[in-house]
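Please look at the sequence and the structure before reading on.

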Amino acid sequence: MEVGMAFRDYSGRISSMDFHRTSSYLVTASDDESIRLYDVASGTYWLTYLLQKGGKGSERSLKTINSKKYGVDLVCFSSDPSTVIYSSKNGWDESLRLLSLHDNKYLRYFKGHHDRVVSLSLCSRKECFISGSLDRTVLLWDQRAEKCQGLLRVHGRPATAYDDQGLVFTIAFGGFIRLFDARKYDKGPFEIFSVGGDVSDANVVKFSNDGRLMLLTSMDGHIHVLDSFRGTLLSTYNVKPVSSNSTLEASFTPEGMFVISGSGDGSVYAWSVRSGKEVASWMSTETEPPVIKWAPGNLMFVTGSSELSFWIPDLSKLGAYAGRK
């Protein structure tokens, strides 16, 4: 893989990004207090929301929000590609916000957390999402209501995720992954899986697209891959640890055969799920882990650090491989 296109006009590190499931849109959040929307199919970004006083948009900016008091940390699409849910980064208001990208309006505020939100996951089948916070709570939300629909208390920094069907969600903390039935979560987890004694703070937990695998990253630089039905720990990959203010992110490829991840030294790695071996690495001059996401249904992944990079296959190497065949 190689960088096919990069956007270097950020004045702060990219803290979060998300692909919409059924469109070609990518949204990013950055420490420069901007939310930016890209059309991956054309490789351009259509609008920039600069959440800072006096901010100026790019040539393609449609609108500007002058709202320095909120900032932005995590961002994800709702089911509608014209709306996003995002968390604040101002240190005093931990509300989540539903923002319309179409007409620049806040549609709803979700108030309930009392410390930084570190995990945000949307249910793909319903108008629901979950959020995890350093206040040691996980809240369940309906996008149509301001009040949370459920609360679960945890004993550490939580990482959360829904499966692709929206029937199960998981909460990871303290060296364990807990699986909940979304319809009766109040009964407690129906499965609890260990990740082999890694009790460092959970960063990111994800399901593969087919739901058969899960991965969990931790602050100590471990990426664990598990069988999501049996809880068997299949592989553990090790990278440089990350600081408490950073997040180690990893992503399955669409077919679930490979895992790509960042590292505490800014590098990017790829592993084979089947063999457990490293298959590629790309070094970096960055000193913090990049945000990393694989584009749904595409042979492309995206990394975000001080710039946004679109990684595509190296066609020269593919040609050489085809020649050997």
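Five bridges join strand S20 (residues 222-227) to S21, and the two run antiparallel. Strands are DSSP runs of E with at least two residues, numbered from the N terminus, and two strands pair if DSSP finds at least two bridges between them. This is a predicted model, in which local features need pLDDT of at least 70 and side-chain atom pairs count only at pLDDT 80 or more, while totals for chains, interfaces and linings use all residues. Residues are numbered from 1 along each chain as its sequence is written, and side-chain values use heavy atoms, with hydrogens and water left out.

**Sheet S18 to S21**

- Strands of a sheet pair through backbone hydrogen bonds, either parallel or antiparallel.
- The open sheet that contains S20 has four strands in the order S18-S19-S20-S21, with antiparallel pairing.
- Strands S18 (202-207) and S21 (233-238) stand at the edges with a single partner strand each, so one side of each has no neighbour in the sheet.
- On average, neighbouring strands of this sheet are turned by 15 degrees against each other, direction ignored; the axes are lines fitted to C-alpha atoms, and angles run from 0 to 180 degrees between N-to-C directions.

- S20 and S21 form a hairpin with five residues between them, and Gly231 in the turn has a positive phi of about 80 degrees.
- Strand S19 (residues 213-218) is joined to S20 by five bridges in an antiparallel arrangement, and Leu213 has Asp227 in S20 as its bridge partner.
- S19 and S20 also form a hairpin, with three residues between them; Gly221 in that turn has a positive phi of about 90 degrees.
- Five of the six residues of S20 are buried, where buried means under 20% relative accessible area, exposed over 50%, and partly exposed in between (1.4 Å probe, protein chains only).

**Sheet S10 to S13**

- Another open sheet has four strands in the order S10-S11-S12-S13, with antiparallel pairing.
- Its edge strands are S10 (117-122) and S13 (150-153), each with a single partner strand.
- Strand S12 (residues 137-142) pairs with S13 over four bridges, and Val138 stands opposite Leu152 in S13.

**Cysteines**

- The structure holds zero disulfides, a disulfide being a pair of cysteine sulfur atoms within 2.5 Å.
- The closest cysteine sulfur to that of Cys128 is in Cys123, at 5.5 Å, which is too far for a bond.
- Cys148 counts as partly exposed because its relative accessibility is 30%.
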